[in-house]
Amino acid sequence: MAPVDETAPAPDGFDQAFLKKLEYLHIVAKKVFAGRLRAERRSRKTGAGIEFADHRQYTPGDDLRYLDWAVYGRMDRLLLRLFEEEEDLYIYILIDSSTSMRLGWPGDGRPLIAPGPDGRMAKLGYAAQVAAALSYVGLSNLDRVALHAFSDGIRDTLQSGRGKGRIFKVFDFLGALRPDGQTDLRASLSEFVHKTRRRGVAVVLSDFYDAAGYEEGLNLLRYHRFEPAVIQIVDPRESRPQLRGDLDLVDMETGERRQVTLTDAMCEAYARAHSEYCQALEAFCDSRGIGYLRADTNVPFEDLMLRVLREGGFLR
Amino acid sequence: MTLLGLPLLQLLSIFAAAGGAVTALYLLKQQRRRVEVPFVQLWQRVLQRSDATSWWRRLLRLLSLLLQLVIVALLVASMGDPRLGRSQSGRTLVLLIDASASMQARLGGAAGAATSRLQVAQGQAREFIRSLGGDDLAVVVALDGQPAPMGGLSYDERELLAQVEGVRARDTGADLPSAIELARALLAGRPRPTVVLFSDGGFEDASLQALTTARVEGGLDVRYVPLPQVARPGAAGRVGNAAITALAVRRYRRNRLSYEVLVRMMWFPEAQPSGVTRDGTVPTGQAGGTAQPATLELLQDGEVVDVQAIELMPNQAVERIYNNLSGAGRNIEARLRLNGATDVLGLDDRAFTVLPERRRQRVLIVTRGNLFLEGALLATGAGEENHLTIERVAPAAYDAARAARYDVVIFDAFTPSTAPGAHAIYLDPQGADSPFAIAATAKSPLLTDVDGTHPVLRWVSLADVNMSRASVFRPGPGDRVLAGMFKQPMLLAREEHTAGGLRRSVAVGFDLRQSDLPLRVAFPVLLMNALDWFAGDVDEDLGSRRTGQTWRMPLLRGSGDKATGGAGARAAGRSPGLGTTANLLLPDGELLAVPVSEGYALHYGQRVGFYELSPPDAAPPAQRFAANLSDVTESAATIRPALREGAMGPSLRPPEAGEQALRRTLWPYLLLAALALLWLEWWTYHRRYTV
């Protein structure tokens, strides 16, 4: 375990207490799920490894040192020996920082992960906590972790790195996030896949409130050989609203207005519609082999992370 | 109680305004609360589903508006005080509540703790009002000496109860005939006219004839609610009412400065049979029984001057006379106290009177010499110790300025060129200067027409008075013919209202020396009457008055002037005749402005006690007098369990309750309905049924 700087400042709420929580999560993960997680992954690339993988036809220009002379002697064919090349796993954490993720954030200068007046955390803050936890687990396993904040495009990026000591940069990156912009998953993920050469696991943390739909964006990840995983951040205030009476509903992102008089029946109908929306996303992910997890902001992020680790395969 | 009772047009105007306001408020764009949501498209999906039922929602909103308009309509309608249509079976009632003096008597219970008859009668009236039907229209009339309605005819229970509360007991008798006449006027032309009498039944038999008249001529259905028979657990010994039925003071004819006082008392034990007459006589066979000891006290200015133990026989008058009382303006009070018996009515246990001030009169005789005249004046009280001071002057030495300093000037066969500033007696005025215009001269006339009601001719007989000649006067304004022959006035009395006050004069159309009048007893009496009239002393006005009557009190100005003697009396003691009001201080301390007409203040007396009368611009002391009940019928404090029309007529029946216990006033129901609708609107709104 890398040494932790106890005197490090706590940027935007990611303080020592938070760090201890992450460490605890890591220890628990190691004890309970030992062997199921490995930092080392064999890539399908052939390269300068020591373990034989396969042969292929020699083509002019290949390194003659890798010619398998024994095969040439027996079969009179020029084959080139291929070795499996060990390389780091890349974990890309894409965090939605659009305006809709602001729900629950008082916006009075308090850190994102600080609970609001009602004791609840903003969606973006919750997503940041989950992202920090995933990053810490990844960094602890010597994976390379990169973070991207997006809304209508990639707004900010923390380049990939490895080692636990990098967690503070992650904190800085997450602590500097501010909700802004309109969600455009397709544009954001398209930009991401085209800018990222190394393939890896792409964890998308978002509420997936995109008027154009989330399907194309997630498919883009698949098409570009990323291994997408989805964590849908859901706030109970939007899933089961307690609004009543004559209201002027304003969309946080688009500013679109709708005047309604909410009744109990309408709120129940909305809750059903929201549930259907989430189920549709889940069904989409399942049908395409995308890991899906619904994160209710009511649930402490530690519990969520234990669930992530318990299910293991979420990060494959 | 009613609401505004507004007319239909006004109600429609209010409804139009209020309904318009409600509709305008309804149409106004509602200010909605702004709420940010992360993804409004989800809401749109829900709203698109509910749009399918938007027509129903619009209808609900319309229903909500209609509901509010109905609420407004109900409120406006209640302001009109609507009532259900009335049937012809409703009665029109006049509730006569006896407020006479006898209703102040205590009824039942220990002495001091019992309620008065009036309170019991008011309770009966309230109970009856609560039993009235919705169609019964009623009004309350206070039955005292001056019956008057306590309000207007009303269906409203609360209003009628308030009218009952307004009835106050008076120290007067009950004028039943006037009350019945008033009831006839109030009920004329109305359906089922009914009079309900709440009383102790203490009326004179003669007045009960009015009940027969009411039934026969007025078509009134008169009912009677007698007072209940109540036991007197705390009363020891005999129970009844002892009363001072008269307290009179009068001057001696010989010396007008001395008085005698008469006190008349009666004792009425309870269970007194009905039919006491005004003069206090009791029906035959009712005067038996044992004597009731009592104590009579006489007080002057609050000091006891005499105490007598007396015995009162039931229903018999006992009189005591106090001789040679003297004093000026002193307050006399008589108190009667029973020994070993309970007196139910305290009002008539005290009586009051005032020894009227009598100033000396200075009389100037303008004569060439007339022993008849001077002798008659001596007989009426002239002299040092009496009230008259006589001076004589010859006509040649007469001076009008000097005459103004006297109270009375008597012109004997002399006519001054100008009238004196004093009261005057003109004996045979002649010529153009005569203040009484002379129309003709009659020879050897006889006085055929004599007005014996005038104070000047009281106890005076002018029959067969002989005279050789007499002037026939032409009466002017304010003149009153005292005597004459076949409509030819020969004796006149005049009252003039001048700036100096009320001036009176008497004219005799013949010369005393040519008549046998001075030889008769009538002459000094006539002179004495005239002087008393000038002084404002009429025996019936002395000392005390009787309640239940309209008093006509001469206004005397500046009684404080008496210190100046006779010279100032004329200017001092006469009515100004110009003011329209005077101040009257009642026994309970209330100060009233009473009207003044022709120099007399008018007031209907309702309270027993001492009064003070003064012109508004005069300084004290004011004229003081007293008032007493002096009503045997009231003092008898009779309770009749049954009342008959006349002596032998049918008994009056008690009234029936109303045909419907339910009042037909609708406004409470309308308000309740509005309240229920308001609650329904509130409930449906908060349950989101109507939004």
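Let's start at the interface of chain B and chain A: eight residue pairs are in polar contact there, both residues at pLDDT 80 or more. Polar contact here is a pair of N or O atoms within 3.5 Å; within protein, one must be able to donate a hydrogen and the other to accept it, and residues adjacent in sequence count only if both atoms are side-chain atoms.

Ground rules. This is a predicted model, where local features need pLDDT of at least 70, side-chain atom pairs count only at pLDDT 80 or more, and totals for chains, interfaces and linings use all residues. Residues are numbered from 1 along each chain as its sequence is written, chains are lettered from A and ligands numbered from 1 in the order written, and side-chain values use heavy atoms, leaving out hydrogens and water.

Next, salt bridges (a side-chain nitrogen of Lys or Arg within 4 Å of a carboxyl oxygen of Asp or Glu). The rule finds one across this interface. A:Arg102 and B:Glu36 make a salt bridge through their side chains, at 2.5 Å, N to O.

Now the extent. Contact means heavy atoms within 4.5 Å. On that basis, 24 residues of chain B touch 34 residues of chain A. The buried area is about 3,000 Å², with 61% from carbon and sulfur atoms. That is accessible area (1.4 Å probe) lost by the two parts on being put together, summed over both.

Which three residues supply more than any others of the area chain B buries against chain A? B:Arg32, B:Pro38 and B:Trp43, with 24%.
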